[in-house]
Protein chains: 2
Amino acid sequence: VIETAVPSDNVGESRGSLAGLTVIDLSTGIAAPSSTMLLADHGATVISVERPDSPNMNRTAAWQIDGTSAWWYLLGRNKYAITLNLKDSRGIELLKRLIESADVLVENFRPGKLEAMGLEPKVLHSINSKLIILRLSGWGQDGPYATNPAYGSLVEAMSGLAYGTGDPDGPPMLSSFAIADPVAGYLGAFAIMAALWGRERDANHAGEVIDLSLLEAQFNLLGPQAMAYDALGAVSARFGSRSPTFAPRNVYRTNDSKYVVISASAQNIVNRCFDAIGRPELCDDPRFCSPESRHQNLDEIDEVFASWIAEHSAQDVINTLRAAEATVAPVYSIEDILRDEHFLYRRMIETVPAQDGLALKMQSVVPRMAQRPGQLKWAGEGMGASNVRWFVERLGIDEHEFRQLKRDGVI
Amino acid sequence: VIETAVPSDNVGESRGSLAGLTVIDLSTGIAAPSSTMLLADHGATVISVERPDSPNMNRTAAWQIDGTSAWWYLLGRNKYAITLNLKDSRGIELLKRLIESADVLVENFRPGKLEAMGLEPKVLHSINSKLIILRLSGWGQDGPYATNPAYGSLVEAMSGLAYGTGDPDGPPMLSSFAIADPVAGYLGAFAIMAALWGRERDANHAGEVIDLSLLEAQFNLLGPQAMAYDALGAVSARFGSRSPTFAPRNVYRTNDSKYVVISASAQNIVNRCFDAIGRPELCDDPRFCSPESRHQNLDEIDEVFASWIAEHSAQDVINTLRAAEATVAPVYSIEDILRDEHFLYRRMIETVPAQDGLALKMQSVVPRMAQRPGQLKWAGEGMGASNVRWFVERLGIDEHEFRQLKRDGVI
C-alpha cells in the first residue's frame, strides 16, 4: 500500500476568492514563491514542484528549524509539495499532464532555460491553450542583461533603492533583508489575476505570457523620479532618514535609547506636534509656519523635536504625541512587533502547525476579505509530501508505476 | 455649448487585460492611487474623484511642473479626472449613480469617515450588490490604532523596515522616498482582482469588502522574521549593507568614487567572483570555502572585495565581474538609470503627453503581457477634465444642470 503523506488537514474544500484555481509552481527564491503564496492564501490550489535529488533552495536557506529553513515553512505554506525530475522525459510528461488542467504556470528560471527544457510557451499552450504563464526573472526576458545572474540586492542597487538610502555623506545602503523580491511577488500575483481576468473576457483567448522582472517591479516604487529629474533636474539622493520634500520626517532617539519616527507634512498636523511637546508658539514661528519654510530650516526643526524627545522615554513620547493626534510611531524590532497590542488585536501573526508537531509563527493572510477570507492552513510541506495526492489520486498512476518512478528518481 | 475637456486620445477602445472594468477611485496619497494606476495601466476605466474646492494632495505635492506635481501626472495617468463635492447631497447622488454601473470602489479615508458620509459598505451594496470595495488605510479598519493618523514613514517604523536598515552602531534608517505606500499599492491591485475573481465564480455573490492596511502590506515583506525569532531567538537587526545570513553582500566604493554591490551566496557563484578578481586560490581558502565559514569571516571577505574594487573604476569592476558571470551591479542614481542600455532596450521609461504640450517621462507599464499589453495613454489630467464625459455623456445630465452644478460647487 502507498503510504499517504498528505496531512489530514490538507483535505477538504478550499475556501477564499481563488478556490478552484490551479497553479503549477516551478519557482524558487523569494519573489515568485511569494506570488504563489498569495494565491494559495486566498484559496488557489498551488502545486510546488521540486527536484527529487535537490531540495528547493528555500529549504536549505538560513534559519533552520528541524532541518528546514523558516523560508520554506513560510513561502511553501498552503501549497502542495511534489517532486519531479524535469531532466527525465517521464518527469516532463508528468508535468505536461498536470498542466493540462491547470490555470497558471509560474517559473523563475534564467531566461532561455525553459526553452532549453523544451517547455517554451508555445509548447505549453499546445497542451493547454488557456494557460497563463508568469515568467519572473531578475532583468526581464530580453535586453542586454537578460541572462546575467540576478540577486535581489543587485536589483536594489540598479533600481535606485540603494542610491536613495543612507546618510548624505556616506555610502548608499541596502536593508539587511530582501525588499525587491517580495515586492515583485505582490506585483506577480496581481499580474496573474489580471491575465486570468483577460482570459475569461475573451472566448478566443490565446494564453497569456507575463514577463515580470524584479528590476521593473522595484524601479516602479521610485515614484516620479524620472519625471522630476527630466523636467526639474531633481536627483533624489541620500538624505539620511529625512525626506527631500517635507519636514519634519526623521528618526529620533529617546532617553531610554529607543527610537521613534515623526513624519508630518500638512501644517495642521505639524501644529499638533508643536502643541504636543509644549511649544505652541512654534506654530507661528516664521521658520516653521509653512511647508517651504520648514524645509528651509531642516536642522532647526529637527533640533526642536530631537531635543524634546531626547529628554523623554519612548513610551512618554508615543503617549504624548498620540494623545494629540500627532503623527508619531515607535521603531519596532520583531520582538516589539510580537508584543504590540495592535498586532495582537488584528491577529497579524498566527501560529501554524507544521511537520513533526512544530508550531510556527508567521504573518496571517493579507489583505482581509469580508466575504471570502483567505486561510492559513499549513506550513510548507516536506519534500514530496503531496506526491500521492497528485500522481496517484489525480493522475491515476498505479502503485507499481509510482514505486518505479520513485526508484528511478523521477519523483 | 459645453466645452469638452477630454483630450482626443482619451477616446477609443481601451485595450489590456482589464478592458471593460470600471473603477471609482476616491483615494489620495500614494498607496491606493498606485493600485488604481495599475488597473488603469492594464485597461480598466478608472474615474478619479476629486473635491472641486480642494485639489487632490497629489497635485499640490513636491516637484511642481507647470503648477501640478509630478506625483499627480504619474499616479493619475490613464485615469479620468472628475470633480464631485461629497459634502453636498447632489454630489453624493451623482456618486451613487456612477457606482450603479461600477465594478470597484477604492477609498483610503481614515476608518469611520466613509460611514460618517453615509457611504458604508451596506449602503454601497444596496446600490450595487456586486461592488468590490477596497478600503485602504494605515493601520486597518479596526484595532487600537485604527483611527490614528497614518503616514507611510510611521508604518515603515512599526513594520520592522526601519529597524533592519542602517549601520549596526547607528540609528535605524528610513529611505528618502516612500516604500510602504507603493508596496501596499501592488497588494491592493492584487486584492481587487482576487475579489473580482471570487465574485465571478459565485452567482450568489455578496459584494466583497477588502480591509488592506499599509502596516500589514509592509510587515509581510519581512519574510519569516516572526518565526525565526520565536523558534530560534533570531532578531534581524541593522547590519549595514551586509546580510545577516550570507556573505559577501555589501556596497563597495570604486576608485572613481562610485559604488557597486556584490551579492553571492552559492559557493559556485562566490568562486566565480574570486576568479574574476584574480584570486582563484581563495576558492579553497578555509575561511571562504563554505557559506558558514564565509559568514564567520565577514570582515575578511569584505576586505578581499573592497580592496580590489578600491583600485578599479566602476566600469572596470562591472565589466570584469560580469564577464565572469559573477553577481555584481552598479549603484544607480536616476540619472544613471536614464542612460542605461538595458533600461533603454526594455523601454522602461516612456515619454507621455500631458496638458499644455508637456512631455513627461515616467515608468512604462509593468509587467509586460504578450497578448494583451497594457498601455500608457495619458498623464494625470487637469481638475475636472473628464466631467463632461461622465456627467453629461454617461449620466445624461443636461447642459443647464451641468452649469448649475458647477456654479454651486457640486462638480
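Select A:Arg201 and B:Glu200. These two residues form a salt bridge, with their closest N and O atoms 3.1 Å apart. Keep in mind that this is a predicted model.

**The helix beside it**

Next, select residues 180-200 of chain A. This is helix H8. On the side of chain A that touches chain B, H8 gives the most, with 15 residues.

Now colour that whole side of chain A by residue class.

**The whole contact**

Show both chains. How many residues does each chain bring to the contact? Chain A brings 151 residues, and chain B brings 151 residues. Between them the two chains bury about 13400 Å². Carbon and sulfur atoms account for 68% of that area.

Look for the polar links here too. There are 56 residue pairs in polar contact across the interface, both residues being at pLDDT 80 or more. Salt bridges between chain A and chain B number 15.

**The axis**

Superpose chain A on chain B. The move is a rotation of 180° with 0.0 Å of shift along its axis, and the RMSD is 0.0 Å. The two copies are thus related as by a two-fold rotation axis.

Which residue of chain A comes closest to the rotation axis? Select A:Phe190, whose C-alpha lies at 2.0 Å.

Then compare the two faces. Of the interface residues of chain A, 100% are also interface residues in chain B, so the copies meet through the same surface.

**Strands across the chains**

Zoom in on A:Ile210. Its bridge partner in S14 of chain B is B:Met369.

**A second salt bridge**

Move on to A:Glu216 and B:Arg346. Their side chains meet in a salt bridge of 3.0 Å, N to O. A:Glu216 lies in helix H9 (residues 214-219) of chain A, while B:Arg346 sits in the loop between helix H16 (341-345) and strand S12 (349-353) of chain B, so the pair joins two chains.

Why can such pairs form? Side chains of opposite charge can pair when their charged atoms come close.

**Last stop**

Zoom out and search the whole structure. How many salt bridges are there over all chains? The search finds 47.

Terms used
Residues numbered from 1 in each chain as written. Chains lettered and ligands numbered in written order. Predicted model: local features only at pLDDT ≥ 70, side-chain atom pairs only at ≥ 80, totals over all residues. Heavy atoms only, no water. Least-squares fit on C-alpha atoms with pLDDT ≥ 70 in both. Contact = heavy atoms within 4.5 Å. Buried area = accessible area lost by both parts, 1.4 Å probe. Salt bridge = Lys/Arg side-chain N within 4 Å of Asp/Glu carboxyl O. Polar contact = N/O pair within 3.5 Å; in protein donor to acceptor, adjacent residues only side chain to side chain. Helix = DSSP H or I, 4+ residues; strand = E, 2+ residues; numbered from the N terminus. Pairing = 2+ DSSP bridges.
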